[in-house]
Amino acid sequence: MAEQVLNQFRCDKSLREDCVAIYEALGMDLNTAFRMFMERTRMVGGLPFPAVLPTAQLTKIEVQNVIDGLRNDAADVPELTLDEINAEIAAARFERKSKE
């Protein structure tokens, strides 16, 4: 067996408790989970999961501004009747089938 070393680190108590509960539900203890993490790190040569910054989230006001802008852009587009919409769908289906 390879030489064993002790690794220690600090974290929030609630974080540890949540993780312990998850790993116990998976049938392992925290030490086994960390060993698995370290083995996978060695296998992939880096973090064993994507490490990217989260995408920016829009505020309600920003979303409303986007919606308003789209409505303004669509204001100049002529409206189609249901018959015109169905005719366009039928033509697209006919064209797709004729290519098959």
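Visitor: Why is Phe 34 called partly exposed?
Guide: In this predicted model, Phe 34 has a relative accessible area of 32%. Buried means under 20% and exposed means over 50%, so 32% falls in between and Phe 34 counts as partly exposed. Phe 34 is in helix 2.

Visitor: What makes the nonpolar surface patch?
Guide: Phe 34 belongs to it, together with Phe 9, Phe 37, Met 38, Leu 47 and Phe 49. The patch covers about 600 Å².

Visitor: How do you know that the span of helix 2 agrees with its number of residues?
Guide: Helix 2 has 15 residues, 30-44, and at 1.5 Å a residue it should span 21 Å. Its end C-alpha atoms are 21 Å apart, so the two values agree. Gly 45, with a positive phi near 70°, follows helix 2.

Visitor: Why is the contact of Glu 39 with Arg 42 called a salt bridge?
Guide: The cut-off is 4 Å between a side-chain nitrogen of Arg and a carboxyl oxygen of Glu. The closest N and O atoms of Glu 39 and Arg 42 are 2.7 Å apart, so the pair qualifies. The two residues are three apart in helix 2, which means a separation of about one helical turn.

Visitor: Is Arg 42 buried or exposed?
Guide: Arg 42 has 62% relative accessibility; exposed means over 50%, so Arg 42 counts as exposed. Glu 39, at 40%, is partly exposed.

Visitor: What makes Glu 95 and Lys 99 a salt bridge?
Guide: Their N to O distance is 3.5 Å, and the limit is 4 Å, so this pair also counts. Glu 95 and Lys 99 are four residues apart in helix 4.

Key. Residues numbered from 1 in each chain as written. Predicted model: local features only at pLDDT ≥ 70, side-chain atom pairs only at ≥ 80, totals over all residues. Heavy atoms only, no water. Expected span 1.5 Å × (residues − 1). Patch = residues over 30% accessible without salt bridge, like charges linked within 9 Å, V, L, I, M, F, W, Y side chains within 5 Å. Areas by Shrake-Rupley, 256 points an atom, 1.4 Å probe, with all protein chains shown as cover. Buried < 20%, exposed > 50% of the residue type's maximum accessible area, 1.4 Å probe, protein only.
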